Amino acid sequence: MDGVHFTWPGRPRFSLSIDRFAVGAGDRLLLLGPSGGGKSTLLSLLAGIVKPQRGGITILGTDITKLTGPARDRFRAEHFGIIFQMFNLLPYGTVIDNVLLPLSFSKKRRANVKQSSSPAKEAARLLTHLGLSPDEVASHRASSLSVGQQQRVAAARALIGGPELIIADEPTSSLDRGHQREFLDLLFGDIAKAGATLIMVSHDETLADNFTHVSRLEDFATMERGAR
Amino acid sequence: MIVLRLALQSLRARWLTALLSVLAIAFSVMLLLGVEKVRNGARQSFADTISGTDLIVGARSGGVQLLLYSVFRIGNATNNVTWKSYQDIAAHPDVEWIVPLSLGDSHKGYRVLGTNQDYFKHYRFRGDQPLELAQGEVFDDLFDAVIGSEVARQLGYKVGDKIVIGHGLGSVSFLDHANKPFRVSGILEKTGTPVDRTVHVSLGAIEAIHIDWQQGAPVPGQSVSADEVRQMELKPQAITAALIGLKSRLAVFRVQRAINEYRQEPLLAILPGASLQELWELVHVAETALAVVSAMVVATAILGMVTMILTTLNERRREMAILRSVGARPATVMGLLATEAGVLTLAGVILGTVLLYVGLFFARPIVDRLYGLNLPVSAPTSWELTTLSAIVVAGLIAGLGPAILAYRRSLADGMTVRV
């Protein structure tokens, strides 16, 4: 990210400026910052959901700020896996449909999956690997799962089809400490195997020792919040 | 495919509100189509009532009025046509046949029509169908009556039954012609026209039952018995109207003018089709009002559906954010919502149409009996199909409102999933 400046439409007082921010391929970066410190905004920019008013964001050699809206959506579908803090799943959909959802938006990830196996098998493999029994949960509605299980399903969804970038927005904050550790270990294992890059934001510094890099948002970004 | 399935599952999770929206649209569609069916049925019934008659003659009044009282037995004649005029018209060289109609009496609410046997020969309905007798025969004796199918069914009359004709047109007559009862000589086949609700007697009989009456009431002490009447020579004084058939239809305007300019008496001759057209123009305003009301009901139902979608929009922000995060385009997200509106409207339209036809199937005999209105269970007309498609398109477009709103919100939400 170079010389990026962004304000939310309709909220002119809030602005985020980033002089320079870079992540190497295969890195596991933990991005620390206080709540409401612009972390989510940064992730929105990275994922191409919003577009900065100034500056360039180059991901995998493509400057996504130069892409049109639909092209950014396609780019996101092809290269990103995203895990939210909570409420990751479509509650009325089955677990298997939730996991397979990204494949209906990305040709490349569909092709990746079909290279080695079938979508259903790959989803089952990922779920098993993340500690869920596919036979038990696959046809259940997502809303019938516990929060911890839902986060694992979300991880499987982010990983399916081998996207290059995994973005996680405080994925463990809704889990208790024991489950946090377990969840991250499983996630890291899969990411390492896929050779993907992970960018995870959190306000919890105790997670730092699992990551290859740790940055603080305030070190490279300036945020302004006008008086109300 | 998964996206579509998830959209359907999302709808299923909200099935109750969705069902209510569908029902609201279904009922509104039923109303809209129903009004149209009744309107067409009514027009068809009216148009089917008379055919093969070139001109109708009556005392000078309005064309629509003459048509209504002479053919549809609605309203009353203001004046009569003298027998002399009738004979003059009958003698016109272009006239092939003429049938006299004499109205004014009734039997238990059913109108009594005095006419002659030519009526059964020349009267045509629904295309070119003649009147047929289901039982018995056409009147022969002075006090014979031929009754319509509904009269027979409602009052349970058989051939040979005696009936008494009441004076005037109320369903309960305080004065009647009890001293001269009639015998049912024949019962007509059902026609679906006012003929079904008519008691037909000979013109002479109308004279006969009034022979001892003066100025609308029996003259005390002057009762003339039925047998005495039979011996008398009965010559009609006046009739109410007459149906005319011409030798050539080309002569219709010539004869019409001749009758309208008849010097001895102010008369009016009308072309049944033209007067029917006038009648439609008259009721057109009411028809339009009905159509507007039903269209507004449809609009209300669609608004209700949009409201339903809007209220669920908040809980669906999560859905939007997730779909956006996995790479769904704004167009896809909007498309899903618009499709949902379209699917709901389509379901409503189909359900409404099915309900209407089912309802029509069951209500038909009742409507026919109560109002003499034949509502054919026919395939939807092209107008109806166009309207139904327009409703679905309107639903889709209405769904775009919430869709655009959802998209705007999903942009503003960015990566955060709100609940």
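How many helices and strands does chain A have? Here are some friendly notes.

1. This is a predicted model, in which local features need pLDDT of at least 70, side-chain atom pairs count only at pLDDT 80 or more, and totals for chains, interfaces and linings use all residues. Residues are numbered from 1 along each chain as its sequence is written, while chains are lettered from A and ligands numbered from 1 in the order in which they are written.

2. Chain A has nine helices and eleven strands; these are DSSP runs numbered from the N terminus, with helices being H or I of at least four residues and strands E of at least two. Chain A is as compact as a globular protein of its 228 residues, because its radius of gyration of 18 Å is close to the 17 Å from the globule rule (taken over C-alpha atoms; the rule is 2.2 Å times the number of residues to the power 0.38).

3. Of the 228 residues in chain A, 43% are buried (20 or more other C-beta atoms within 10 Å of the residue's own, with C-beta atoms placed from the backbone).

4. Where the chains meet, 30 residues of chain A are in contact with 25 residues of chain B (C-beta atoms, placed from the backbone, within 7 Å). Helix 1 of chain B gives the largest share of the chain B side, eight residues.

5. Chain B is assigned domain 1 (2–46 + 283–413) and domain 2 (55–270), with bounds from an automatic or database domain assignment. The centres of these two domains of chain B, taken over C-alpha atoms, are 51 Å apart.

Key: A residue is buried if 20 or more other C-beta atoms lie within 10 Å of its own, exposed if 12 or fewer, and partly exposed in between; C-beta atoms are placed from the backbone. Two residues are in contact if their C-beta atoms, placed from the backbone, lie within 7 Å.
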